[in-house]
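Good morning, and thank you for coming. Please look at the structure while I speak; I shall begin with a term that will be needed at once.

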Amino acid sequence: MRSKLAAIIAGVVLCALAWMMPQVRRTLIRAITTYEAAPADTAPLPGGTGPGLPPAPRTRVILVDGLTEAGTEQIASWKIICSQGALLTIDVGFPTVSLPVEAALWTGLTQQQTGIVANHAFDPPIKGIPSQVPGSIAIAENHGYIVRSLGFSRAEPAAEPGKPMKDANEKPWESQWFTLAIEAVKSTSPLVFIHILRVDVAGHKSGLGSDYEKAARATDPLIDKLFQSDPSARWFLLSDHGHIPTGGHGGQEREVRHVQGCIHGPGIKKQKSGLVHIVDIARAIADSVGVTIDPASHGRPFEVMMATRLGEDQAVPALPIAMGMIGIFILVAGLGAATWAVRRWWLAPFWFLLACGLLIAVRGMPSLSTGFIYKPEGRDMWMVWAPTLLLAATAAFFGMKKSTLGRVLAGQLALPFAVLAAILTIAGAWGAAFGAKVAPVVPHFTAWMSPIMLMVAHGAGAVGLAVLASVAHQSFGRRAPPEPPRSEPAAAPPPPASS
Ligand SMILES: [Zn+2]
């Protein structure tokens, strides 16, 4: 009788968890896409002293949003300009999100130092290089909230009143922006920034296919005309991140983090860099316009940056060791509990291992670049692992006959819950899970939180329903002991609704 009560309580608690956890997941997604991270300095870069760029009377910066290193091959003018100057391979740091990267470009501080890890409008703008340059101008093709957030004396397009993320007069701006960009380049302003966005838009829409290449080619006449409008200025040609092949960015993938750029103009001879950091470029721009950069910046003087290359993943922030140790401890405890439980081989959490394997095989490795992790209802993900829930429920149902409740729960759920707890710990996400307004954005683990939390919720629901079903089944069985059971309870519970 007591064991039956325990089973009922366990079943109800698991179903409650299955209902609550998808909502916690949505809270976490909101946190990583909305808030800022606690500033830290977890991506230390090498320093170095030496000569910086001499100041130039006019500095001109073109940034093609979302342009991959391979994408530059489509842009003839880019190739010509860059082949005459300092050709750069740039690591944009992590996360590979436009506003955070461009904040690093214009402040000289990494995303970890600023804590800016998501796209949102800053009003008042960030204090950095442009705010020290009177008469600085930024013109964006669209998504003007980025240039408006960077502290230029003049930044266009303007925002719609009361909606800082939205551009005013979007339609007429489409035909006006480039004329204004040319005028700005031709002006006497010491610093002009032109932000081109069509390539990123194409990447999001259809991945790195022919449409993406077409969008890249369409920037060729723009870059050519801008450059010809002031060929004697010092030019920076830059990108803020690449894209994964299916379209998307944000994660730590090398092909997204490593982009091409160059510096062209007075005082720059033809040369080629190893891997440098976006904050090195910030330093070069600051020197070019003759202003100082934040003393905390790791941006290196031009000569130093050209002489020493970064390691391929040196810009990826390290995880806090203490959190990693606790995470591993939790994982070991979960494995221990699972091992204790698995007296019968089929009580092992095969459903969970299979669900993870299927997700990677069908959707690819989750990262902050893969769009499916952000979807509130997570349908793309749970459609893939739904069949494995049948396995969880079946094992739990028969486990209740052949083993104990404790062993069934530990066998099916100890490892999945331990994995989830370890990921939340390493990502530093417990506070955000309970509503703290801080973004737990770290490489790898932040992205895995989303599928694992939904998966564990579904597993808890499947096991909970199976435990309740077995209690019901045993109750009927006891009332009519001599007869074999006439009707089986519902074989497998459906995946719990996640919306
Ligand atoms: Zn983008």
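Two strands are said to pair if DSSP finds at least two bridges between them. With that term in hand, please find strands S5 and S6, which form a hairpin with two residues between them. Strand S5 covers residues 159-160, strand S6 covers residues 163-167, and the two run antiparallel, joined by two bridges. Glu160 stands opposite Lys163 in S6. In the turn, Gly162 has a positive phi of about 80 degrees.

The average pLDDT of the chain is 93, and 95% of the residues score at least 70. Over residues 480-493, however, the pLDDT is below 50, and this stretch has 15 contacts in the model beyond near neighbours in sequence. Where pLDDT is low, the predicted coordinates should not be read in detail.

Let us now consider the chain as a whole. There are 18 helices and ten strands, and the C-alpha atoms fill a box of roughly 100 × 45 × 40 Å along the principal axes. Of the 499 residues, 53% count as buried. Among contacts between residues at least 6 apart in sequence, 77% join residues at least 24 apart.

How is the chain divided into domains? Domain 1 comprises 2-38 + 318-479, and domain 2 comprises 59-307. Their centres, taken over C-alpha atoms, are separated by 41 Å. Where the domains meet, 17 residues of domain 1 are in contact with 15 residues of domain 2. Helix H1 (residues 2-34) gives the largest share of the domain 1 side, three residues. That side divides into nine nonpolar residues, seven polar and one charged.

Next, helix H9, which spans residues 220-228. Which of its residues are buried? They are Leu222, Ile223, Leu226 and Phe227. Seen down the axis of H9, these buried residues fall within an arc of 125 degrees, so they line one face of the helix. The general principle is that an α-helix has 3.6 residues a turn, so residues three or four places apart point the same way. The buried residues of H9 pack against several elements, including strand S1 (59-64), helix H2 (76-83) and helix H6 (170-186).

I turn now to some details of the backbone. Most residues other than glycine have a negative phi, and most peptide bonds are trans. Against that background, a cis peptide bond joins Phe94 and Pro95, with omega about -5 degrees. Pro95 is in the loop between strand S2 (86-91) and helix H3 (98-107). The peptide bond from Asp123 to Pro124 is also cis, with omega near 5 degrees. Pro124 is found in the loop between helix H4 (111-114) and strand S3 (137-140).

Two residues other than glycine have a positive phi: His143, at about 50 degrees, and Asn169, near 50 degrees. His143 is in the loop between S3 and helix H5 (145-148), and Asn169 is in the loop between S6 and H6. Is each of them buried or exposed? A residue is buried if 20 or more other C-beta atoms lie within 10 Å of its own, and exposed if 12 or fewer do. His143 has 20 such neighbours and therefore counts as buried. Asn169 has 11 and therefore counts as exposed.

Thank you for your attention.

How values were computed
Residues are numbered from 1 along each chain as its sequence is written. This is a predicted model: local features need pLDDT of at least 70, side-chain atom pairs count only at pLDDT 80 or more; totals for chains, interfaces and linings use all residues. Helices (H or I, at least four residues) and strands (E, at least two) are DSSP runs, numbered from the N terminus. The arc is that of the directions from the helix axis to the C-beta atoms. Two residues are in contact if their C-beta atoms, placed from the backbone, lie within 7 Å. pLDDT is the predictor's confidence in each residue, from 0 to 100. Domain bounds come from an automatic or database domain assignment. Ala, Val, Leu, Ile, Met, Phe, Trp, Tyr, Cys and Pro count as nonpolar, Asp, Glu, Lys and Arg as charged, and the others, Gly among them, as polar.
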